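Welcome! Take a look at the sequence and the structure below, then try each exercise before you read its solution.

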Number of protein chains: 2
Amino acid sequence: MDEQTPPSDFTRLRRHPERAAYDRAAIYAILDAALFCHIGYTRAGRPIVTPTIHWRENNHVYWHGSSASQMLEAIPGTEICLTASIFDGFVLARSGFHHSVNYRSVMCFGRPELVTDRDRKLAALERFIEHFFPGRWQHLRPPTEQELKATRILYMEIDEASAKLRTGDPKDPPEDWNWPVWAGVLPLQLAHGQPIADPHLPPGIFPPEGW
Amino acid sequence: MDEQTPPSDFTRLRRHPERAAYDRAAIYAILDAALFCHIGYTRAGRPIVTPTIHWRENNHVYWHGSSASQMLEAIPGTEICLTASIFDGFVLARSGFHHSVNYRSVMCFGRPELVTDRDRKLAALERFIEHFFPGRWQHLRPPTEQELKATRILYMEIDEASAKLRTGDPKDPPEDWNWPVWAGVLPLQLAHGQPIADPHLPPGIFPPEGW
């Protein structure tokens, strides 16, 4: 198998300011393209990895959850690793060793904090909905104070981050090129399915544009 | 936002043997459906989350990488968390609070070990390729001893695991049903794109069935 190190830039943003412009752009592009991420933290010394959807604003990543969430209880102020990965395809080579995958992945380190202020929380929820479905927030039934209290929002300044990705063809050595087996890339992408309207939806209301 | 706790079964397989049959089936189904996972471990006390592709055999999960991989260097014998998540769609409600996502996710805990025996490693690589592309292994250029040495394979007995998932419609309260905004599920799935043949592929060789 080919765990060939992909074009990699493990970058501590603070330590390589000369690479920061490029790296931040690459890191932000992957973070923004990924619909969800995995957050790693430690509880009683054990690593725990939880999926969540996230959104980014400048150098901060946001996510949310219930006030009853164990993860959201455990992590404010502690160091976490937030990894967002997009699987772009299988890379099939002539030998097992050179098989690989095309992907884009970003790892972000920082210490999350809770958004405690009521108005900041409300504004963050709006940006959350707007991030995924632009224009939707103004049409929603507005949140109640109780709903706001029951929602936790975390944000994290990205202290350090690295992006890793692999693109393109298999890297078989030329002596393998004529081996009689298919080689190339089998692309994968997250695709939209047909919207499924809620059974209680009144007639004449249509799903968001693009779906 | 609705971090409504989804139908959840946090299950220590060893501690709830009466639920093991159902839970194992649910956990294995999600592990098998996910093409890749995220592995959380600690290095110098810091949580780190790395994506990788995996495969399962009975109660073991396998993954692989280069002998030079930091992750594969760090984790044998230590406790890790392997989380595999499938994002099935957005759940759009009438209020921001009840928005959610449909997903299937499994968290597995254990202590990975290296496959060190040469023949076991070769057999595992074969199962790896066959897991993703049944029938392909026999057509590949066989691995060299050097390639085998340059590949690390890890396996982990699943000591504990839990599955979490959400399916179905939004859970708006009936008093919101007539709010004039679209509500329902926007499904997402990882879809195949058109195969991209390697530029050096001789003519007359076709991609794996189903692509």
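## Exercise 1: Confidence

Within chain A, the mean confidence is lowest in strand 1 of chain A (residues 8–11), at 37, and highest in strand 11 of chain A, at 98. Confidence here is pLDDT, the predictor's score for each residue from 0 to 100, and helices (H or I, at least four residues) and strands (E, at least two) are DSSP runs numbered from the N terminus.

A word on conventions: residues are numbered from 1 along each chain as its sequence is written, while chains are lettered from A and ligands numbered from 1 in the order in which they are written. The model is predicted, so local features need pLDDT of at least 70 and side-chain atom pairs count only at pLDDT 80 or more, whereas totals for chains, interfaces and linings use all residues.

**Task.** Describe the confidence of chain A as a whole, and find where pLDDT stays under 50.

**Solution.** 
- Step 1: begin with the average. The mean pLDDT of chain A is 88, and 90% of its residues reach 70 or more.
- Step 2: Over residues 1–21 of chain A, pLDDT stays under 50, and the model has 39 contacts beyond four places in sequence for them. Two residues are in contact if their C-beta atoms, placed from the backbone, lie within 7 Å.

## Exercise 2: Chain A and its strand 6

**Task.** Count the helices and strands of chain A, then work out why strand 6 of chain A is largely enclosed.

**Solution.** 
- Step 1: chain A contains four helices and 11 strands. Of its 211 residues, 41% are buried. Buried means that 20 or more other C-beta atoms, placed from the backbone, lie within 10 Å of the residue's own; 12 or fewer make a residue exposed, and values in between partly exposed.
- Step 2: in strand 6 of chain A (residues 100–110), 10 of the 11 residues are buried, so the rest of the structure largely encloses this strand.
- Step 3: look at the partners of the strand. Two strands pair if DSSP finds at least two bridges between them. Strand 5 of chain A (residues 80–92) runs antiparallel to strand 6 of chain A, joined by 11 bridges; I86(A) has R104(A) as its bridge partner.
- Step 4: strand 9 of chain A (residues 160–166) also pairs with strand 6 of chain A, in the antiparallel sense over seven bridges. Here C108(A) is bridged to A161(A).
- Step 5: finish with the loop between strand 5 and strand 6 of chain A, where H98(A) lies. H98(A) counts as buried because it has 21 C-beta neighbours inside 10 Å.

## Exercise 3: Strand 5 of chain B

**Task.** Which strands pair with strand 5 of chain B?

**Solution.** 
- Step 1: locate strand 5 of chain B at residues 80–92; 11 of its 13 residues are buried, which leaves the strand mostly covered.
- Step 2: strand 2 of chain B (residues 36–43) pairs with strand 5 of chain B in the antiparallel sense over three bridges, and H38(B) has T83(B) as its bridge partner.
- Step 3: strand 6 of chain B (residues 100–110) runs antiparallel to strand 5 of chain B, with 11 bridges joining them. T83(B) turns up here too, with M107(B) as its bridge partner in strand 6.
- Step 4: strand 10 of chain B (residues 184–192) pairs with strand 5 of chain B over four bridges, in the antiparallel sense. One of the pairs is V91(B) with V185(B).

## Exercise 4: Where the chains meet

**Task.** Describe the side of chain B that touches chain A, and say how the two chains are related.

**Solution.** 
- Step 1: 80 residues of chain B are in contact with 79 residues of chain A. Strand 10 of chain B gives the largest share of this side of chain B, nine residues.
- Step 2: two bridges join strand 10 of chain B to strand 11 of chain A (residues 196–197), and these strands run antiparallel. G184(B) is the bridge partner of A197(A).
- Step 3: chain B superposes on chain A by a rotation of 180 degrees with 0.0 Å of shift along its axis (RMSD 0.0 Å). That is the relation of a two-fold axis. The superposition is by least squares on the C-alpha atoms of residues with pLDDT of at least 70 in both copies.
- Step 4: L190(B) is the residue of chain B that comes closest to the rotation axis, at 2.1 Å (C-alpha).
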